[in-house]
Structure formats: structure tokens, C-alpha cells
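Here is a short briefing for a first look. Please have the sequence and the 3D view open as you read.

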Amino acid sequence: MGFASHVAGALFALGWWIFIDGAVWNQFIGQNQKMEGQFYVPGILGTISFIMTNMLNPSDLRGDSFADESTVTKAKVWFFTSLLIGMGSLMGGVWILVAFFAPDKTEYAWPGVSILLQSIFLFVSSLVFWVGRGKKDPYGL
């Protein structure tokens, strides 16, 4: 778990770092406009997806733990919902890039690209951390 958690943490931090860079760049170098509220939504959804995905152990989806069938089904629904939220974050990043930072709307596209990259890094870090936990983690830490 050690290496995967380090990689996932680095990707998570890099995603937020890129978003902050895009916001600061937009404020001082780019169009000198404020980052609107909807620009934060993909990052917040990606973070919620990260937390939801990693609240489960991989063994919870297989039914290896001492759980009945309804608990396994609830875990699968929870995991599927967390992946849907992560995909929604990715779609939100693409939508913001196309709708607000397309070449015909503004001269600088870096703030929109930073929002998309943030969504990608948060989603990938969520999956890396979840897969990296594997069976070796008996306590779910």
C-alpha cells in the first residue's frame, strides 16, 4: 500500500496545485477575471469521489468480509455512485474548458485546461489509491 498511497497523494496534490495555478494565472496574467463559482465544482466533486471511493475496501465488493448479501449490494451501489461522481467531475472539467475557455471565447485557455487536468488527476488518484490497497490491508487503512 505504501507506494500506491504516495503516488495517489502526489497526483491528488498535483491536481489541486494545477487548479490553484490556473486560478492565480487567470487573475494576474490572463484575462484578469475572477474565477466563478462553477469553476470550483469539478474539483469539489473529484474530492468527494476520492473520499467515497476509498471508504470501501476492495474485499467489501467481493463479499469476502463477514457480511450478508444486502451489505455487499450496498457497497457496490456506493462504489458505483462514487465512480459516477468522479466521471461527473471529468465531464464538468470538459464542459468548463469548452464553454468558457474555448479559443473563440477567450485568448487564454490555461485556466480551463487546469480545471480539466485537476479533474483527471483527482479521478486517477482515487483509482490508484483504491487499487493499491488490494488484499494486503486487513484494517482498511
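**Ser126 and its surroundings**

Leaving aside residues up to four places away in sequence, Ser126 touches Ser49, Phe50, Thr53 and Asn54. Keep in mind that this model is predicted.

- Ser126 sits in helix α5.
- Is Ser126 buried or exposed? Ser126 counts as buried because its relative accessibility is 2%, and the cut-off for buried is under 20%.

**Helix α1**

- Helix α1 covers residues 2–28, which gives it 27 residues.
- From first C-alpha to last, α1 reaches 39 Å. That is close to the 39 Å expected at 1.5 Å a residue.
- Which residues of α1 are buried? They are Ala4, Ala8, Leu11, Gly15, Ile18, Phe19, Gly22, Ala23 and Asn26.
- What do the buried residues of α1 pack against? Their partner is α5, residues 110–133. Helix α5 is also where Ser126 is found.

**The chain as a whole**

- The protein chain has five helices and zero strands.
- Along the sequence, its pattern reads α-α-α-α-α.
- The protein chain has 141 residues, and 39% of them are buried.
- Take the contacts in the protein chain with a separation of 6 or more: 74% of them are between residues 24 or more positions apart.

**Surface**

- The protein chain has an accessible surface of about 8200 Å².
- Carbon and sulfur atoms account for 71% of that surface.

Terms used:
Residues are numbered from 1 along each chain as its sequence is written. This is a predicted model: local features need pLDDT of at least 70, side-chain atom pairs count only at pLDDT 80 or more; totals for chains, interfaces and linings use all residues. Side-chain values use heavy atoms; hydrogens and water are left out. Helices (H or I, at least four residues) and strands (E, at least two) are DSSP runs, numbered from the N terminus. The expected span of a helix is 1.5 Å times one less than its number of residues. Buried means under 20% relative accessible area, exposed over 50%, partly exposed in between (1.4 Å probe, protein chains only). Contact means heavy atoms within 4.5 Å. Accessible areas come from the Shrake-Rupley method with a 1.4 Å probe; for residues, only the protein chains shown count as cover.
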